[in-house]
Each structure stands twice: as C-alpha cells, then as structure tokens.
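I opened the notebook to record what I looked up around the ligand and in the loops. The entries follow in the order in which I made them.

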Amino acid sequence: MPGDMPDFSRGAAYMNGTYVPMAEAKISVGDWGFIHSDVTYDVVHVWDGKFFRLEDHLDRFHRSLAGYRLSPPVSREEMREILARCVALSGLREAFVAMLSTRGVPRIYGSRRPEDCDNSFIAYACPWVDVIPKDVQERGAHLWIASIPRISPLSLDPTLKNYSWRDFVRGLFEAHDHGYDTAVLLDPEGYVTEGSGFNVFAVKGNVVMTPDRGALEGVTRRSVLDLCDELGLVGKIMPMRTEDLMEADEVFCSTTAGGVMPCARVGNATIGDNIMANDRPGPISVKLKEVYWRKHAEGWHATPVNYDDPEHPLLMQTTAA
Ligand SMILES: Cc1ncc(COP(=O)(O)O)c(C=O)c1O
C-alpha cells in the first residue's frame, strides 16, 4: 500500500471512533455483546456502488436499539456517514455492510447491571457474501424443515435483529445431516417462521405467501411484496404451516445477502420431500429474482457512495424509482 494508508481492500471497520482494516476489528471478551449475546445489528447491502434501502435498514436498526434499550454514542446521521465511509475506504462496489451496537463492558468490575455498561457502535463493510451460495441458488436450494423449534417470541422478539442463533445452528446441523443446504424453523406452535438469515416464501397459483409470525420483517421481504404488486401476484403475510411448504408449487427465501433465492426441494423427517417441478427453481421465483436485480440496476431505492472522497462519502440522492 502507498505510504502508511492501511489496507482496507478486505473490508473497513469503524470501532468506537477509529477506522481499521476488517482483520483488526475486535471486541473485548468482557463485552456483554460477546458473553451474553447482548447486541443488536443490521445489514444493508451495496450493489454497484449504491446502498439499497439504506433508510429502511437504519429505521429497523433504531427499532432494534430501542427494543433492547441500547444507546450507542452516535446519531443516525453519523451512522449513515460512518457506514458510507467504511464502504468508500474499502473501495468495494459490492459489499455487505453491517452496523452493530453491543452492551459493552461494565464500568464497574463484575457488575450485573446493564445500566453500568457504555454501549458501543461498530460498523463494517466487507466483500459481498451470499447466505445461500450462488451455485446453490442456481440449482435451487434444498430447504430442511427442522425439528428444533425457534425460540419462543415471548423470550426473544424475532422482529428485533439478534445474534441468538443457537436454534438456527442446531437446525443447520440437522439439515446438513440430511443432505440439505439450509433449514427453516417452526415456532413452538408449529407455524413456519424463518431460517438463519432469511425469510421464507411459498407460492401457490399466483399467491406468494410469507409467515406472519416468528420472523424478522425483512427489508428484502418488503421488496418482494412490492414486486408482487407490480407483477400482478398476490403477496400475503399470513399464518403458514408445514403443509404450506410441502404443498407449494414453489418455495424461495429472501435476504439482503443474496436477494431472492429459489428453492428446488423442501424436506421434513416426518412428511418426506416436496421436490418442485423438474427439481429446479420455479418460474415465479426466477421472475422475482430477475426483476429484483434488474430494478437494482435501474437505481431502485439507491443511495450512491462517493468513493472519490471518503471524508464526504455520501452523495445523498436516494431514488425510489
Ligand atoms: C433471522 C433473519 N431473518 C430474515 C432476514 C432477512 O432480512 P433482510 O431481508 O432485511 O436482510 C435476516 C437477515 O439477516 C435474518 O437474520
């Protein structure tokens, strides 16, 4: 690297006031974010040099902060600038951009009072990742309906973004043990919720349904429902049972880190398999995926990053068109 400029090419992070290369972004082992999962976060993507729905992600992040009573020491305006500066420093045109707030380390040694912690703000931009790898998306993901239930929403509000992933990780092991790519979890009453980092949809005729409970209100989910309106499909947020997945014409997942991700099979230890027509992604899923990315190229909900001047990293011309 020229001069003393750090190498941000593998990602840039903001850690409580300083910008560091991704590999140097570390938190203390005494931080409750680490030892108690007392942390919230959000992830927005940058595609072709532009944030997608940045304000929606900032809105949700602030709802999560309020829900967990976290107060990081930066304003929403500062967060927006910091996120953009991480992207500009990294130079990445396609990036996964995270914002986090951890409870922090208690100021008083051994304190069990969350009020004794100064909450952090951390952000980073790193190279693009897909929750479901691109080649698996192409052939259609194989989705396992796990026997492990999602933690009760009475204990953990799934609409507030969290890293309490023990149930998801157990579901992933179960899926992989059965030769499946990833897992979707049911709630304690047997309703379909979501998977580890994505919402789930089932298509029946021209109805595109997604669960009304137990799931994060995904920004990509909202985009899919907007696209359904545009494409003359009926998007529905509704209670869903295992049968809705097992009897669906098509199933797909949605997330910031991947977009619309078609499935080709759904499996369950007690009911068996639903192998979609031709064991391939279905036409409606493929159409939604194609339009989702085409509209990105047209500047849909885009906020461009100013790579030329990391001190002023936002061009601030969000377009909803
Ligand atoms: C548990 C969970 N559900 C759903 C989603 C999808 O949300 P979004 O589309 O806003 O990325 C995520 C994203 O990370 C998630 O972690």
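I began with N16, which I found in the loop between strand 1 and strand 2, strands being DSSP runs of E with at least two residues, and helices runs of H or I with at least four, both numbered from the N terminus. The model is predicted, so I kept in mind that local features need pLDDT of at least 70 and side-chain atom pairs pLDDT 80 or more, whereas totals for chains, interfaces and linings use all residues. Residues are numbered from 1 along each chain as its sequence is written, and side-chain values use heavy atoms, with hydrogens and water left out.

I noted that N16 has a positive phi of about 45 degrees although it is not a glycine. Most residues other than glycine have a negative phi. N16 belongs to the turn of a hairpin that strand 1 and strand 2 form with two residues between them. Strand 1 (residues 12-15) and strand 2 (residues 18-21) run antiparallel and are joined by four bridges, where pairing requires that DSSP finds at least two bridges between two strands. Looking up one partner, I found that Y14 is bridged to Y19 in strand 2.

I then looked up R53, which also is not a glycine and has a positive phi of about 55 degrees; R53 lies in the loop between strand 4 (50-52) and helix 2 (54-68).

Which residues are closest to the ligand? I listed K161, E194, V219, T220 and T256 as the closest of the 17 residues that surround the ligand, a residue being counted if one of its heavy atoms lies within 4 Å. By class, I recorded six nonpolar, eight polar and three charged residues in this shell, with Gly counted as polar and Asp, Glu, Lys and Arg as charged. Strand 9 (192-195), helix 6 (219-231) and strand 13 (250-255) each supply at least two residues of the shell.
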